[in-house]
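Q: Could you walk me through reading a structure like this one, feature by feature?

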Amino acid sequence: MKALILYDSRSSAGSTESIIDSIGLSLAESGFYVEKAKCKATADYSFVKDFDLVILGAPVYNFIVASQLLGALIQGNLKINLKRKKIALFLTCGSSQSTATLFYLPQLKIHLIRNKILVEKIFAPDAFSDGDLIDSFVEDLLYEYNRGPKSKALSAKWTEEAQECYQSMPSFVHEKFRTMAEEYAEDMGYKEITLAVLEEAKGSFGAP
Ligand SMILES: Cc1cc2nc3c(=O)[nH]c(=O)nc-3n(C[C@H](O)[C@H](O)[C@H](O)COP(=O)(O)O)c2cc1C
């Protein structure tokens, strides 16, 4: 299992890096191979494909999530390389949980609507050196990461239109199509398979 911690910070050895090092250590103790990389908006993120889990972390400066991480998502090729990746997010900031949840986290999440976000966390100043909070972030993350698809049996509901689309396909692709759609829905946390979900799943697998 390979985990990548992608982060941004203006400080060297600041609070964000210290949290990252603790998270990295905990993940390594749990059997992950861990790498960390500091974001640059213009970097090539194709290496992200080699990782099973990606943790994005950054501070907030002047009401905006640190610019190199946001830039990598907006201008760079990070978003495309995060396709179908399991992701965790955290922010470090001086504001309260509610402010950060309302104003700062969405700045990242809006670029990750096609990803399954396993856990998200705000680390406020009193949490920077709180080992318990960092441990609980990693515990939640490992729990969600290992939870996986519940079963190969149909766990999502199919809408009537989606079932019609399924039935209209040649029978020899039924099994493959069904597995692909259900695994995609499970990965993305969708409770129901609709035509839109099928379209998304096809796009995600690179199908025409
Ligand atoms: C110049 C500057 C601007 C900041 N602006 C904000 C802000 O708008 N909102 C907030 O919640 N915290 C803000 N903070 C607090 C930082 O997000 C917080 O201290 C963070 O942990 C810094 O991470 P670092 O140590 O990796 O640089 C600011 C800090 C600095 C130094």
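Q: What share of the residues in the protein chain is buried?
A: A residue counts as buried if 20 or more other C-beta atoms, placed from the backbone, lie within 10 Å of its own. Here, buried residues are 30% of the 208 in the protein chain. Bear in mind that this is a predicted model, where local features need pLDDT of at least 70, side-chain atom pairs count only at pLDDT 80 or more, and totals for chains, interfaces and linings use all residues. Residues are numbered from 1 along each chain as its sequence is written.

Q: How are two packed helices described?
A: By the angle between their axes and the distance between the axes. In this model, α7 (residues 174–188) and α8 (residues 195–204) pack at about 100 degrees with axes 10 Å apart. That makes α7 roughly perpendicular to α8, a label for angles of 65 to 115 degrees.

Q: Which residues of α7 and α8 meet?
A: Contact means C-beta atoms, placed from the backbone, within 7 Å. Met180, Ala181, Tyr184 and Ala185 of α7 meet Val197, Leu198, Ala201 and Ser204 of α8. By class, 7 of the contact residues are nonpolar, 1 is polar and none is charged. Nonpolar covers Ala, Val, Leu, Ile, Met, Phe, Trp, Tyr, Cys and Pro; charged covers Asp, Glu, Lys and Arg; the others, Gly among them, are polar.

Q: How many residues surround the ligand?
A: The test is a C-beta atom, placed from the backbone, within 6 Å of the molecule. The ligand has 15 such residues around it, the closest being Gly14, Thr16, Pro59, Cys93 and Ser95. The shell divides into 5 nonpolar, 9 polar and 1 charged, and its largest share, 3 residues, comes from β3.

Technical notes:
Axes are lines fitted to C-alpha atoms, for helices over the stretch in contact, and angles run from 0 to 180 degrees between N-to-C directions. Helices (H or I, at least four residues) and strands (E, at least two) are DSSP runs, numbered from the N terminus. Angles under 35 degrees count as roughly parallel, over 145 as roughly antiparallel, 65 to 115 as roughly perpendicular and the rest as oblique. Two residues are in contact if their C-beta atoms, placed from the backbone, lie within 7 Å. A residue is buried if 20 or more other C-beta atoms lie within 10 Å of its own, exposed if 12 or fewer, and partly exposed in between; C-beta atoms are placed from the backbone.
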